[in-house]
Amino acid sequence: MRVLADTDQCIGSGMCASCAPAVFELGGDGVVRLLEAHPPASELPGVREAVALCPVQALGLDAERPTDQ
Amino acid sequence: MPFARSERGLEVLSYRCCEDVLRDPGLAVGFEEMLEACGIGNGPAHASLSRNINNIEGEAHARQRRAIAPYFQPARVETMRQTLRRALEKRFVATRELGRCDIVDLVGRWLPTTSFCMMAEAPFEDRPFIWRMSDEVQRFFQMKTSERGVVERGFGELESYVDSLIAARRAEPGDDLISFLLAEERSSALSMTEVRDLVVILVLASTDTTNAQTACVFKALAQHPEQWRALRSDPTLIPNAVLEASRYEPGVWAMTRVAREPAEVTGVPLEAGTHLFVDFIAANRDPDVFPSPDELDVRRQMKRPPLNWSVGRHFCPGRPLAVLEMEETLRVALRQWETVELEGDLESHGAPYVISAERLPVRFEPAIV
C-alpha cells in the first residue's frame with residue numbers, strides 16, 4: 001500500500017489524523033504530514049476512511065492518486 | 001482586486017488571498033484586540049478567551065488540537081446521527097399542521113445545544129441557559145464597549161457552569177467529552193486550565209455559529225424552490241446542498257487577523273496594528289474558484305471548499321458535527337415539507353461579520369408522508 005498526500009490541497013481539517021493517526025499527522029502549520037508512506041495492511045481501513053473523508057480529496061491510496069494541479 | 005481598504009482595516013476578498021492570510025503564521029487571530037475594543041482589557045473573560053485554542057499558536061495550540069481531535073473523529077460524530085434525526089422528526093411533526101414556523105426557534109436554539117448536552121452528558125434542561133450564555137459571550141465579536149457588561153456577566157456564568165459540569169464528570173466519569181478531556185489531563189496531555197478553557201470554547205463555538213449557518217441554509221433554499229424540488233427528488237444531494245448553501249449564504253461573513261508587527265501579505269504592506277478581515281462572503285463567490293458564483297446549485301461540483309470553517313491551523317474541529325446537524329435538519333425538513341418559502345427576513349443582532357440569528361419565519365406546505 002502506498003499513501004499519497006497533496007500538501008498544496010490540504011486545508012487542515014485533520015480528518016486523516018483522526019482516522020489513521022499512525023499514518024497522518026497535522027503539523028503546527030495546519031498542513032498534513034505523512035508519517036508512513038508505506039503503512040502495514042492493518043492501517044488500510046483507517047487510510048481508506050481518511051481518503052474518503054478528506055474534504056478536498058488531497059489524499060490517495062496506490063493508484064487512486066490525487067490529481068496534480 | 002484581492003484586497004480593499006475600509007474603515008475597519010484591510011478587507012481580503014479573493015479566495016486565494018483569504019487562504020494565504022488564514023495560513024500566514026505571522027498574523028494573529030486577535031481575540032485580545034476584539035476584547036479590548038469592548039473595553040475588556042483584563043479579568044477572567046480576557047484571560048480565558050486570550051489563551052483559548054482558537055486564539056493561540058505554537059506548541060500549546062498543536063498539543064490541544066491533537067488532544068481534542070480523537071473526540072471529533074468522524075466515526076464518533078456519526079453515532080449521533082440517528083438520535084438527532086429521530087429527535088428532529090418529532091419536532092418537525094409537531095409543527096406540521098401549523099404550516100409555518102420560525103427556523104431559529106424550531107432548530108437553531110434547540111439542536112446545537114442538544115448536541116452539546118449529548119456530548120457533555122449535561123441535562124437537557126440546561127439548554128436555554130447554555131444558549132443564553134453563549135449568545136452573551138459571543139457579543140465580544142461586536143467590538144463595542146456597550147457589550148462589556150453582557151460579555152463579562154455571561155462569561156462568569158459560563159465558567160461556573162463549566163466548572164460544575166467538570167466536577168460532576170470527575171466524580172462520575174462516563175463516555176462523554178468532558179470525561180475524555182479529564183482522561184487527557186490525567187495522562188498530562190492537557191492541564192486543568194486547558195480542560196476548562198476547552199469546554200468553554202466548545203460551548204461557544206458549537207451553538208451560535210451552527211444556529212446562524214442553519215438559518216442561512218434555509219434562507220438560501222427557501223428562496224430557490226427549484227433547488228428544494230431537486231433535493232426532494234434526490235436526497236443524496238443533501239450533503240452537497242449543505243456546503244453549497246453555506247457557500248452561498250455564510251453565517252460568518254469574515255474571520256479576523258491582526259498584524260501585531262509591520263508585515264506584508266501577498267505584496268501588500270501592513271502597518272503594525274492593522275486589522276484584516278478575511279471576507280468569506282466574498283471568497284465564497286470568487287468566480288475563479290466557483291464558476292457562476294451567484295447561482296445556488298445543489299449539484300455544484302466544488303473543487304475547493306467554502307471558507308466558512310476556515311483553512312489551515314485554525315480549521316474548525318467541530319465541522320463534522322455542524323455539517324451533520326445541518327444535513328439531518330435538511331433531511332427531515334425535505335421529507336416533511338413539499339415546499340418552503342420565506343415569510344420574513346432573517347432577523348439577526350449584532351456583529352458586522354458574525355450573524356447571530358434571532359428569527360427566520362418560513363411558511364411551508366406539508367408533504368404527504
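A helix, as the word is used on this tour, is a DSSP run of type H or I with at least four residues, and helices are numbered from the N terminus. The model on the screen is a predicted one.

**First stop: Thr214(B)**

Please select Thr214(B), which is found in helix H12 of chain B, covering residues 192-222. Is this residue buried or exposed? Thr214(B) counts as buried, because its relative accessibility is 5% and the cut-off for buried is under 20%. Next, display Val107(B), Met326(B) and Thr329(B): Thr214(B) touches these residues, when those up to four places away in sequence are not counted.

**Second stop: Gln73(B)**

In sequence, Gln73(B) and Pro317(B) are 244 residues apart, yet in space their C-alpha atoms are 9.2 Å apart.

Select chain A and colour it by secondary structure. Two helices and four strands make up its secondary structure. Followed from the N terminus, the order of elements in chain A is β-α-β-β-α-β. Chain A has 69 residues, of which 48% count as buried. Its accessible surface is about 3400 Å², and carbon and sulfur atoms hold 50% of that surface. Among the contacts in chain A with a separation of 6 or more, 53% are made by residues 24 or more positions apart.

**Fourth stop: where the chains meet**

Now show both chains together. The size of an interface is often given as the accessible area lost when the parts come together. Here, chain B and chain A bury about 1300 Å² between them, and 57% of this area lies on carbon and sulfur atoms. Select Pro74(B), Arg304(B) and Phe315(B): these three supply 31% of the area that chain B buries against chain A, more than any other three residues.

Three residue pairs are in polar contact, whereas the number of salt bridges found between chain B and chain A is zero.

Conventions:
Residues numbered from 1 in each chain as written. Chains lettered and ligands numbered in written order. Predicted model: local features only at pLDDT ≥ 70, side-chain atom pairs only at ≥ 80, totals over all residues. Heavy atoms only, no water. Buried area = accessible area lost by both parts, 1.4 Å probe. Salt bridge = Lys/Arg side-chain N within 4 Å of Asp/Glu carboxyl O. Polar contact = N/O pair within 3.5 Å; in protein donor to acceptor, adjacent residues only side chain to side chain. Buried < 20%, exposed > 50% of the residue type's maximum accessible area, 1.4 Å probe, protein only. Contact = heavy atoms within 4.5 Å. Areas by Shrake-Rupley, 256 points an atom, 1.4 Å probe, with all protein chains shown as cover.
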